[in-house]
Amino acid sequence: MPSVSMCFYLHHPVVMKPYSIFDLGSPESYWDWEKWAEDFKTIETQSLQPCLEIWEEWARKGNTSFSLYIPGFLVQRMAKLTPASLKKIQKLVKKGTISMLSGTYSYSYAFLNDREAFTEQINLHEKVMDK
């Protein structure tokens, strides 16, 4: 029987506030973290929870394992917004169902032009994941 290697990537893009040309350079953040949190909670209910149920079933059967990548900033946000989901993922890691992948802290393409920034992103991700 052929084996299949699965890798999942948890992703939720940051939401930008609506800005006009006259808002450029203002000290206010460009990111709408309240809208992002609201959207993420909806996604967590509609998508992540069903996935976690499937992954937990796989863990009970004991015949499936896979890899998962979560950007560091998303792990930190999940710890505040949806800690129960993060704890379920941690349990699955302890059981050996999930192998966590290393990557960048944010959705970074720093490797394209700044090796030092890319290395910083990886180191920051490792610090978050070690917690």
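## A chat about helices and a sheet

Visitor: Hi! How do the axes of helix 1 and helix 3 cross, and how close do they come?

Guide: The axes of helix 1 and helix 3 cross at roughly 25° and come within 11 Å. That makes helix 1 roughly parallel to helix 3, a label for angles under 35 degrees. Axes here are lines fitted to C-alpha atoms, for helices over the stretch in contact, with angles from 0 to 180 degrees between N-to-C directions. Helices (H or I, at least four residues) and strands (E, at least two) are DSSP runs, numbered from the N terminus.

Visitor: What kind of model is this?

Guide: This is a predicted model, where local features need pLDDT of at least 70, side-chain atom pairs count only at pLDDT 80 or more, and totals for chains, interfaces and linings use all residues. Residues are numbered from 1 along each chain as its sequence is written, and side-chain values use heavy atoms, leaving out hydrogens and water.

Visitor: Back to the pair. Which residues of helix 1 meet helix 3?

Guide: Among them are Leu 48, Leu 52 and Trp 55 in helix 1, and the helix 3 side includes Ile 89 and Leu 92. Contact means heavy atoms within 4.5 Å.

Visitor: Which residues of helix 1 are buried?

Guide: They are Trp 36, Ala 37, Phe 40, Glu 44, Leu 48, Gln 49, Leu 52, Trp 55 and Ala 59. Buried means under 20% relative accessible area (1.4 Å probe, protein chains only). What covers them includes strand 1, strand 2, strand 3, helix 2 (72–81) and helix 3.

Visitor: Where does helix 1 bend?

Guide: At Glu 44, by about 45°. The bend is the angle between axes fitted to the seven residues ending there and the seven starting there.

Visitor: And at what angle do helix 2 and helix 3 pack?

Guide: Helix 2 and helix 3 pack at about 120°, with their axes 6 Å apart. They are therefore oblique to each other.

Visitor: How many bridges join strand 1 to strand 2?

Guide: Three, and strand 2 covers residues 66–69. Cys 7 stands opposite Ser 67 in strand 2.

Definitions and conventions. Two strands pair if DSSP finds at least two bridges between them. Buried means under 20% relative accessible area, exposed over 50%, partly exposed in between (1.4 Å probe, protein chains only). Angles under 35 degrees count as roughly parallel, over 145 as roughly antiparallel, 65 to 115 as roughly perpendicular and the rest as oblique.
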